[in-house]
Amino acid sequence: MSKSTTSVLPAVIVFMPWLALVGAMLWGKSRPGFAKIVYVGSTVATLLAILTLYPRAQGGVASTQKLVGIAPRVSLAFRVDTVGFYFALLLAVLWLLCAIYSLGYIHGRETRYYCFLSLNLSFCLGVALSANMFTLFIFYELMTLATYPLIIHEETEEARRAGLKYLIYSISAGAVILLGLILQFYYGGTLSFLGHGTLNLSQVGKPVLLTIFSIYMLGFGVKACVMPLHGWVPDAHPAAPAPASALLSGVILKVGIFGIIRVVFEVFGIELLHTLGVSLPMLIVASFTIIVGSLFAITQDNLKRRLAYSSVAQVSYIVLGLFLLSPDGATGGLLHIAHHAFMKGCLFLCAGIIIHETGKKNVSEMDGIGSRIPITMAAFTVAALGMMGIPLTCGFITKWFLGVGSIQAHRPYFIAVLLVSSLLNAVYFLPVVYVAFFKGRSPGEELRLSKRETKRSMLVPVIITGCMVIALGVFVTVKGFPYSLVEVVVKAFF
Amino acid sequence: MSFSSQYPILLEAVPLAFAALCPIVGMWKRKLCFPFSVAGVLATNFFIFSLWGKVTSTNTVTYALGGWRPPFGIQIRIDYVGLFIASIIGAVGLLVLIYSWRYVSHELEEEKCTYYYTLYLLLFASMLGFTVTGDIFNMFVFMEIFSIASYALVGITGQRRAVRAALKYLLMGATSSIIVLLAIAFLYGTVGSLNMEDIAGRLQVGGYTSVAGVALVLFLIGFAVKAALFPVHVWLPDAHSIAPSPISAVLSALVIKMGVLGILRIFFTVYTPGFADLSGTWNALTQAVAWCAAISIVLASIMAIIQRDFKVMIAYSSIAHIGYILLGVCMLTDRGLTGGLYNILAHALGKSCFFLVAGAIIYKHGFRRITSLRGLGRSMPVTAGAFAVASLSIVGLPPSAGFIAKWYILWGCLQKHQYAFVVMVLLGSLLAAVYCFRVVYYMFFVGPYGDGIDEAPATMFVPAASLAAGTLFFGIFATLILPSLGSAARALLAG
Amino acid sequence: MNFNRIAHNLNYVSSVVLFLLGLYAVAVKPNLVKKIMGLNIMETSVFLFMVSIGMVGSGNAPVVTEGVKPATMVNPIPQALILTGIVVAVSTTAVALSLCIKIHEHYGTLNASEILGTGGPF
């Protein structure tokens with residue numbers, strides 16, 4: 001990270017989605033149609049504003065903006081570094097797709113839904129662009145609260161129970177992170193991200209460092225759904241409306257991962273983690289989550305629940321990549337943030353269309369739906385292949401880097417985990433594809449090709465995410481695509 | 001002698017004079033009582049906030065009453081902490097008074113309105129007097145005035161449960177007052193002075209006697225009852241939940257803080273922590289109080305969770321927050337003390353907002369059960385929104401004043417390596433999340449939602465909303481007061 | 001136990017005994033009026049104690065007159081203080097008794113355990 005410039009832009013970006021709230025206040029009741037345009041428009045504006053940061057982020061230049069000092073050595077501040085920009089860009093793109101999708105999907109209580117959707121984007125961006133652990137924590141907590149209304153949007157008994165479970169898990173996790181934060185502050189003296197670890201082994205001592213590390217992992221692990229902290233995930237995803245589940249899986253779980261990234265790179269630093277020897281235990285936990293999560297996914301009949309368990313497993317790929325503590329491993333992990341976001345986003349949006357058009361939630365009922373909604377199921381198939389890691393999809397790129405990374409880290413046996421996981425992915429995704437396209441093709445009443453497949457606002461995001469799965473797997477090195485950014489990040493930290 | 005040099009005495013004399021005149025105004029025209037009291041409180045606020053410049057530049061403003069120099073005469077001594085708390089009293093007192101207007105005319109019989117405003121002004125004036133006095137007996141007198149005013153205000157409706165709660169409060173409150181008086185007598189018997197700084201000086205010179213030690217313990221017990229610290233908190237849930245809502249707000253936000261302030265004065269001004277002879281007793285006592293405070297946090301939060309009545313729940317939460325404040329204070333570190341002091345502000349804003357919201361709901365709908373709050377987020381958006389925002393502060397989530405306070409209290413606990421307290425504070429905030437968000441949940445996420453907006457009158461929701469906004473403001477712009485509060489805390493610790 | 005010492009500090013001892021008697025009444029007596037009497041006993045104990053500490057052996061009244069040195073006067077401050085204290089005590093008692101009247105109107109009894117329904121001390 002070379003020179004630092006002061007700019008209000010990061011702060012402006014973080015609060016830009018609030019435009020949607022203004023829209024809701026002015027037109028939410030009187031002109032709901034126009035208000036929706038404002039909601040989507042605010043997301044577009046945010047995306048464009050983030051893109052203007054691209055030249056700075058690409059060069060690895062951080063721009064810092066101190067907003068308010070809270071206490072001595074603690075302040076609310078934003079900055080843009082490459083990893084933050086990468087995450088922010090991903091957030092805005094996925095959010096836009098989901099906002100467009102929501103236009104077709106959400107009926108009833110729209111104002112509340114869009115307001116919290118936009119607030120959530122704002123808070124997630126706050127996490128991505130935070131300049132210190134304190135700011136990160138504040139926006140993390142706000143994001144936790146703002147997600148709740150999205151989960152219980154449908155206000156069914158199931159949704160309420162899932163929402164409660166989510167709150168119990170997340171708020172406890174918040175308290176745990178706060179504990180870690182104050183310990184870090186007390187022992188490390190600073191919470192700022194300086195581009196290297198700020199905790200010092202000789203000053204603090206190993207037991208305390210290990211305590212801080214475990215506390216952070218425990219806290220962020222809940223959002224990153226590392227087993228055994230994943231309990232809320234399989235309940236929350238099916239309960240939430242499809243675009244919200246897509247966001248939950250696609251990015252909100254990654255916010256937890258982002259916290260872990262900051263802890264790994266900015267709080268401890270790679271070398272210190274090597275010395276502490278936390279790599280292997282974390283790798284084992286991640287591998288356990290990958291395998292067991294996939295096994296759970298196989299047993300689920302409810303499609304969204306199956307996808308949720310799949311997310312539990314897939315997010316741990318990122319954890320695995322990070323804790324290989326090798327450059328290629330980290331590359332794989334960081335790439336998977338975007339890759340998984342598009343793949344799982346696509347899958348959840350497809351699941352939403354299935355529910356919306358056919359009313360079917362369980363895999364066992366989906367015989368022959370491929371003929372009713374062919375484009376959707378084609379996209380589903382592409383994303384599912386991506387999950388399995390078939391070449392020419394982005395999932396393959398992840399696995400390639402993770403594999404190389406584990407050799408680089410002298411832990412080649414983790415390749416076996418990747419292979420087993422691919423196999424398990426095939427076991428739980430291919431039946432869906434099979435059932436949809438090849439089973440029970442006696443549609444008669446199902447096959448109504450004259451009818452439009454679904455609303456255009458829902459189909460377009462599905463197609464885009466589906467194409468992205470391929471594009472990210474083929475045009476890996478295109479400038480502005482994840483790899484070009486991740487390369488800069490990894491270079492900076494290793 | 002310029003007029004502005006008289007501000008220290010005016011800030012307690014003016015509201016007292018208004019309180020004395022209020023019945024006469026009421027006899028003449030009952031309707032005038034409210035504007036008359038507002039004028040009094042506004043004038044007092046002017047004096048309080050004008051003193052800020054002077055106190056920040058000179059640290060302490062003293063004023064000798066009647067020109068009698070201390071230790072012979074009564075001294076008014078306004079330090080940073082005193083003015084900080086006086087400002088909270090002034091601001092919250094004004095907002096709650098404005099709120100009272102519609103509430104009181106709705107809830108009380110007309111002839112009682114005069115009493116209400118008189119007692120309110122008396123309460124207001126005596127709390128200010130308590131805060132700024134430098135004389136320990138003067139402090140006792142003001143304590144008695146605000147205690148009597150609050151006993152009367154709790155029972156002002158004259159309803160069955162109200163008078164019972166008032167008498168229960170009175171019996172415990174009066175006992176604690178007498179304990180404090182006994183302590184003053186013991187202390188006077190050994191050192192022969194009533195001026196706090198003078199006592200401190202004489203204790204240093206004359207050495208610490210066993211009588212002074214007994215007095216310290218008695219002070220602590222007496223003020224702990226006023227502050228409703230576990231295990232002497234039993235009067236609080238009844239009194240605070242049954243009182244008219246604006247009075248509950250003042251009681252929870254300000255009156256129990258007077259007990260805390262009493263403990264602060266005794267701990268740091270009268271018996272200074274640097275005093276070597278005391279160190280053994282000192283550590284034992286602060287540890288004991290800290291444990292009581294930590295138990296308060298956990299126990300009161302659990303009690304709050306099992307309540308069905310909205311106001312009783314809020315009342316229990318106050319006990320927990322007194323626990324936070326005293327825990328921070330008893331860490332005897334600058335950070336902990338800063339956190340405790342900041343929580344006085346955070347809790348005053350948040351909790352008075354809670355009670356004002358409860359009052360607005362009772363005013364509109366008359367129900368108090370938590371489960372009957374469903375759908376209020378739609379019909380009373382400002383009121384319910386204020387509750388949601390204030391609950392961030394009560395739980396201690398960022399970006400609210402409560403979070404800053406908790407942050408500093410935790411920091412203080414770490415400075416003393418008291419990890420058990422760290423865990424208890426965090427546990428307390430988890431429990432607080434349960435009882436606060438349960439209410440938010442019923443308000444916003446459980447139907448049936450009414451169609452139209454049916455909001456409380458503006459004089460009621462504006463104070464509640466501004467208090468809620470205050471919690472956010474002091475959460476984000478904490479640096480406005482934190483550095484000077486920190487140095488005030490260090491000054492207190494230095495004795 | 002040094003009786004001499006107790007005799008020397010008789011004012012301390014007697015005031016504490018009186019104080020505890022009052023506290024006993026407040027805590028244990030079921031009748032609300034008796035509780036209030038207990039409060040008054042406690043207050044009185046403190047007042048007596050305060051007067052006693054201002055005592056100067058065979059001292060004069062604290063009035064400035066020719067030929068009377070300040071050292072031989074009784075300390076006037078405690079007396080001034082307890083005057084204030086008595087005023088405070090009277091007003092507390094007045095509020096308490098008026099609440100008692102209200103309670104009697106509502107409940108028809110002054111028995112604390114019947115009113116509170118708990119039988120607890122307060």
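**Exercise 1. Work out how chain B is built: how many helices and strands are there in chain B?**

Start with the count: chain B has 19 helices and two strands. Both are DSSP runs numbered from the N terminus, with helices being H or I over at least four residues and strands being E over at least two. Before going on, note that this is a predicted model, where local features need pLDDT of at least 70, side-chain atom pairs count only at pLDDT 80 or more, and totals for chains, interfaces and linings use all residues. Residues are numbered from 1 along each chain as its sequence is written, while chains are lettered from A and ligands numbered from 1 in the order in which they are written.

Next, the overall shape. The C-alpha trace of chain B spans about 70 × 60 × 40 Å along its principal axes. Buried residues (20 or more other C-beta atoms within 10 Å of their own, C-beta atoms being placed from the backbone) make up 64% of the 495 residues in chain B.

**Exercise 2. Compare the two sides of chain B: which helices supply at least two residues each to the side that touches chain A, and which to the side that touches chain C?**

Step one: chain A. Here the contact (C-beta atoms, placed from the backbone, within 7 Å) takes 21 residues from chain B and 17 residues from chain A. On the chain B side, helix 16 (401–415) and helix 17 (419–445) each supply at least two residues, and helix 17 gives the most, with seven. That side has 18 nonpolar, three polar and no charged residues. For the classes, Ala, Val, Leu, Ile, Met, Phe, Trp, Tyr, Cys and Pro are nonpolar, Asp, Glu, Lys and Arg are charged, and the others, Gly among them, are polar.

Step two: chain C. This contact takes 26 residues from chain B and 26 residues from chain C. Helix 5 (136–154) and helix 6 (160–191) of chain B each supply at least two residues, with helix 6 giving the largest share, 17 residues. The chain B side splits into 18 nonpolar, four polar and four charged.

Key:
Two residues are in contact if their C-beta atoms, placed from the backbone, lie within 7 Å. A residue is buried if 20 or more other C-beta atoms lie within 10 Å of its own, exposed if 12 or fewer, and partly exposed in between; C-beta atoms are placed from the backbone.
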